[in-house]
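This report describes the fold and the helix packing of a protein model. The sequence and the structure are shown first, and the description follows.

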Amino acid sequence: MTNGSSVCNEVLSILSRPDLNDESALRRAKAHAAWCPVCAGVVEDGVAPRSGPLPGTVSLRLRILLAVVAGAQLLISIPWLFGINPLGDLGQHVDVSHLTRDGALGLATAIAGLLTAWRPRYAVPAVALSAVALLAQFAMALVDDHAHRVNMAFEGIHLVTVAVTALVAIHGKQATMQGEQALAPLRSIK
């Protein structure tokens, strides 16, 4: 907070005053805290010291769903890193190099999903990471199929990666849409 601007100090002062009756100032302070990295570190999980969610917060159900799907991706990816296929006969024609690569890319996607479920403000960079990992998995599936290193039936498991990427993108879209609404009052703070 020592590097925070006077706006940040004013916003945190407003948010910490339970006796404040100026709803306009409170709305502007919440909007600022939703997008400022300094204030966001103080105002945890989108809830100000007063009450009510900040603009840009994502529903708890969606966060839990993302955590469950990303957790499933993590459980699948870790054995793959070591060339172990926990799916048994479904992936009987899978080369160890393909499994290891999918494990690393799946691990990156799972971490991006879990990070977004924990802190939705990281959705935009996380969706970029997830999308790149998904595209790499798709490209390498084509290459490895052509080289007969993978059974294409095995590639259906990557629907979990598609689900994680889609849920992270939904988080990012919600935060962006709500952020645009939050920026209007923020522009009045100088």
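A crossing of two helices is called left-handed if the near helix is turned anticlockwise from the far one by less than a right angle, and right-handed if clockwise. With that convention, the crossing of H4 and H5 is left-handed. The model discussed here is a predicted one.

**Overall architecture**

The protein contains seven helices and zero strands. Along the sequence the elements follow the pattern α-α-α-α-α-α-α. The protein has 190 residues, of which 40% count as buried. Among the contacts in the protein with a separation of 6 or more, 70% are made by residues 24 or more positions apart.

**Helix pairs**

Two packed helices are described by the angle between their axes and the distance between the axes.

| Helix pair | Crossing angle | Axis distance |
|---|---|---|
| H4 (residues 60–81) and H5 (residues 96–118) | roughly 155° | within 7 Å |
| H5 and H6 (residues 123–146) | roughly 160° | within 9 Å |
| H1 and H2 | about 120° | 9 Å |

H1 and H2 pack at an angle of about 120°, which makes H1 oblique to H2. The crossing in which H1 passes H2 is left-handed. On the H1 side, the contact involves Val7, Cys8, Val11, Ile14 and Leu15; these residues meet Ala25, Leu26, Ala29, Lys30, His32 and Ala33 in H2. By class, the residues of this contact divide into nine nonpolar, one polar and one charged.

Lysine 30, one of the H2 residues in that contact, has a relative accessibility of 12% and therefore counts as buried, the limit being under 20%. The C-alpha atoms of lysine 30 and leucine 15 are separated by 7.5 Å, although the two residues are 15 residues apart along the chain.

The largest nonpolar core of the model has twelve residues: Val7, Cys8, Val11, Leu12, Ile14, Leu15, Ala25, Leu26, Ala29, Ala33, Cys36 and Cys39. Helix H1 (6–15) and helix H2 (23–35) each supply at least two residues of this core. H1 provides the largest share, six residues. Another core, of ten residues, lies apart from it and includes Leu62, Val69, Ala117 and Leu167.

**H4 and H5**

The axes of H4 and H5 cross at roughly 155°. Angles over 145 degrees count as roughly antiparallel, and H4 and H5 are therefore roughly antiparallel to each other. The residues of the contact of H4 with H5 comprise 13 nonpolar, eight polar and two charged.

Which residues does leucine 81 contact, leaving aside its neighbours within four places in sequence? They are Leu99, Thr100, Gly103, Ala104 and Leu107. Leucine 81 itself lies in helix H4, and its relative accessible area of 28% makes the residue partly exposed. Leucine 81 and leucine 107 are 26 residues apart in sequence, and their C-alpha atoms are 8.6 Å apart in space.

**H5 and H6**

H5 also packs with H6; their axes cross at roughly 160°, and the two helices are therefore roughly antiparallel to each other. H5 passes H6 in a left-handed crossing. From H5, the contact is made by His98, Arg101, Asp102, Leu105, Gly106, Ala108, Thr109, Ala112 and Thr116. From H6, the contributing residues are Ala123, Ala126, Leu129, Ser130, Ala133, Ala136, Gln137, Met140, Ala141 and Asp144. Sorted by class, the contact of H5 with H6 has ten nonpolar, six polar and three charged residues.

Most residues other than glycine have a negative phi. Histidine 148, which is not a glycine, has a positive phi of about 60°. This residue is found in the loop between H6 and helix H7 (159–186). Is histidine 148 buried or exposed? Its relative accessible area is 72%, and histidine 148 is therefore exposed, the limit being over 50%.

Note on methods: Residues numbered from 1 in each chain as written. Predicted model: local features only at pLDDT ≥ 70, side-chain atom pairs only at ≥ 80, totals over all residues. Heavy atoms only, no water. Axes fitted to C-alpha atoms, helices over the stretch in contact; angles between N-to-C directions. Helix = DSSP H or I, 4+ residues; strand = E, 2+ residues; numbered from the N terminus. Parallel < 35°, antiparallel > 145°, perpendicular 65-115°, else oblique. Nonpolar A, V, L, I, M, F, W, Y, C, P; charged D, E, K, R; others polar. Buried < 20%, exposed > 50% of the residue type's maximum accessible area, 1.4 Å probe, protein only. Contact = heavy atoms within 4.5 Å. Core = buried A, V, L, I, M, F, W, Y, C linked by side-chain atoms within 4.5 Å.
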